[in-house]
Structure formats: structure tokens, C-alpha cells
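Please look at the sequence and the three-dimensional structure below, and keep both in view while reading the explanation.

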Amino acid sequence: MKSRTYHTQSEEQTIALGEALASELPAQAVVLLIGNLGAGKTTLAKGIVKGLKAADPNDVSSPTFTLIHEYSPSVYHIDLYRIDAAAQVAGLGLNEIFDRRAIVLIEWGEKFLELMPRERIEIRLRNTGEDSREIAVSQLK
Ligand code: ADP
Ligand code: MG
């Protein structure tokens with residue numbers, strides 16, 4: 001995965017960027033989507049899931065209440081927004097998911113960095129205007 005910063009000007013462009021990024025992902029990766037509410041984490045996830053052909057983008061939403069969406073055996077989408085304690089995260093069985101040959105997209109994973117794999121991709125999203133976003137991809141080892 002190339003470390004790079006992108007700029008998008010619409011929801012559609014962010015979905016298209018997600019599709020493009022999907023083609024660069026290895027078969028197994030944990031991807032933290034980091035940014036404020038409304039930054040576009042779920043929108044980018046839609047594009048990635050679409051690019052991986054794991055689900056229809058209309059079926060991609062924040063797993064805020066379900067916590068984990070399994071779109072296919074090789075694509076997961078997790079949202080830790082509503083989780084307050086590391087002990088609760090332990091109950092989700094994340095390590096078992098991290099061990100699978102799968103792409104694991106995580107919103108609010110930075111709340112529990114110590115529980116995230118060291119080798120991961122971080123994508124930071126930032127509002128730079130009403131419809132503009134800065135999206136920075138970095139590969140950590
Ligand atoms: P998050 O998951 O980070 O809370 P969402 O992806 O659910 O954010 O929401 C992003 C919101 O911002 C959507 O309402 C979307 O239409 C809007 N938006 C406007 N411009 C963009 C853009 N360039 N990229 C992504 N979303 C955008
Ligand atoms: Mg979201």
C-alpha cells in the first residue's frame with residue numbers, strides 16, 4: 001500500500017477513491033479509518049467494499065450498533081464508537097478476525113490502539129470544506 005495523501009470534493013469522489021484503494025490492498029489487512037463524525041469514514045468504507053466486490057455500497061453503513069458487519073468471509077467493517085472500555089473490546093474476538101485472510105475496516109479503532117495490530121494501514125480523513133476532504137493513507141509496520 002502506497003503512503004499518499006488524496007483530496008476529494010464530493011461523496012462520489014470518496015467512494016471512487018475507496019474503490020481505487022481496494023485494488024491496492026493485500027489479501028489480509030487491518031485498515032483504521034480515523035476522523036471526526038462526518039469526515040467520511042463510512043463513505044470511504046463503501047468504496048472499498050464496492051471495490052472488493054464484497055457488498056453493494058447501499059448495504060454498507062456504520063456498524064454503530066451491531067459493532068461488526070461481515071460483508072463476506074474476507075471483508076469486515078467494525079465500529080468501536082460506542083465502546084468505552086478495552087475489556088468490552090476483548091469480548092468482540094477481534095484477534096480472531098485479525099488472524100483471518102481478510103480486509104478488516106475499523107472506525108474509531110484509534111480509541112484502543114494498544115489492541116490494534118502493529119502492522120496496519122491508517123487512513124486519516126479531515127474536513128477541509130463542506131464537501132472537501134483530505135484523505136491520508138499510511139502503511140505502518
Ligand atoms: P463518518 O463515518 O466519518 O462519520 P460518513 O461517511 O458517514 O462519515 O459521512 C460523511 C458525510 O459527509 C456524508 O453525509 C457525505 O455525503 C458528506 N460528504 C461531503 N463531501 C464528502 C466527501 N468529499 N467525502 C466523503 N463524504 C462527504
Ligand atoms: Mg461512520
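The model is predicted, so local features need pLDDT of at least 70 and side-chain atom pairs count only at pLDDT 80 or more, while totals for chains, interfaces and linings use all residues. Residues are numbered from 1 along each chain as its sequence is written, chains are lettered from A and ligands numbered from 1 in the order in which they are written, and side-chain values use heavy atoms, with hydrogens and water left out.

Helices (H or I, at least four residues) and strands (E, at least two) are DSSP runs, numbered from the N terminus. Helix α1 covers residues 11–22 and helix α2 covers residues 41–51; the two pack at an angle of about 45°, with their axes 7 Å apart. Here axes are lines fitted to C-alpha atoms, for helices over the stretch in contact, and angles run from 0 to 180 degrees between N-to-C directions. The two helices are therefore oblique to each other, since angles under 35 degrees count as roughly parallel, over 145 as roughly antiparallel, 65 to 115 as roughly perpendicular and the rest as oblique.

Contact means heavy atoms within 4.5 Å. Among the residues of α1 that meet α2 are Ile15, Leu17 and Leu21, and the α2 side includes Leu44 and Ile48.

Is α2 mostly covered or mostly uncovered? Helix α2 is mostly covered, with eight of its 11 residues buried, where buried means under 20% relative accessible area, exposed over 50% and partly exposed in between (1.4 Å probe, protein chains only). The buried residues include Leu44, Ala45 and Ile48. Threonine 42 also lies in α2, and is buried, with a relative accessible area of 18%. Leaving aside residues up to four places away in sequence, threonine 42 touches Val60, Ser61, Ser62, His77 and Glu107. Just after α2, lysine 53 takes a positive phi of about 55°.

Attention now turns to a strand. Strand β2 (residues 29–34) has six of its six residues buried. On one side lie Ala29, Val31 and Leu33, and on the other Val30, Leu32 and Ile34, so that both faces are covered. Two strands pair if DSSP finds at least two bridges between them. Five bridges join β2 to strand β5 (residues 103–107), and these strands run parallel; alanine 29 stands opposite isoleucine 103 in β5. Four bridges join β2 to strand β6 (residues 120–127), also in parallel, and leucine 33 has isoleucine 123 as its bridge partner in β6.
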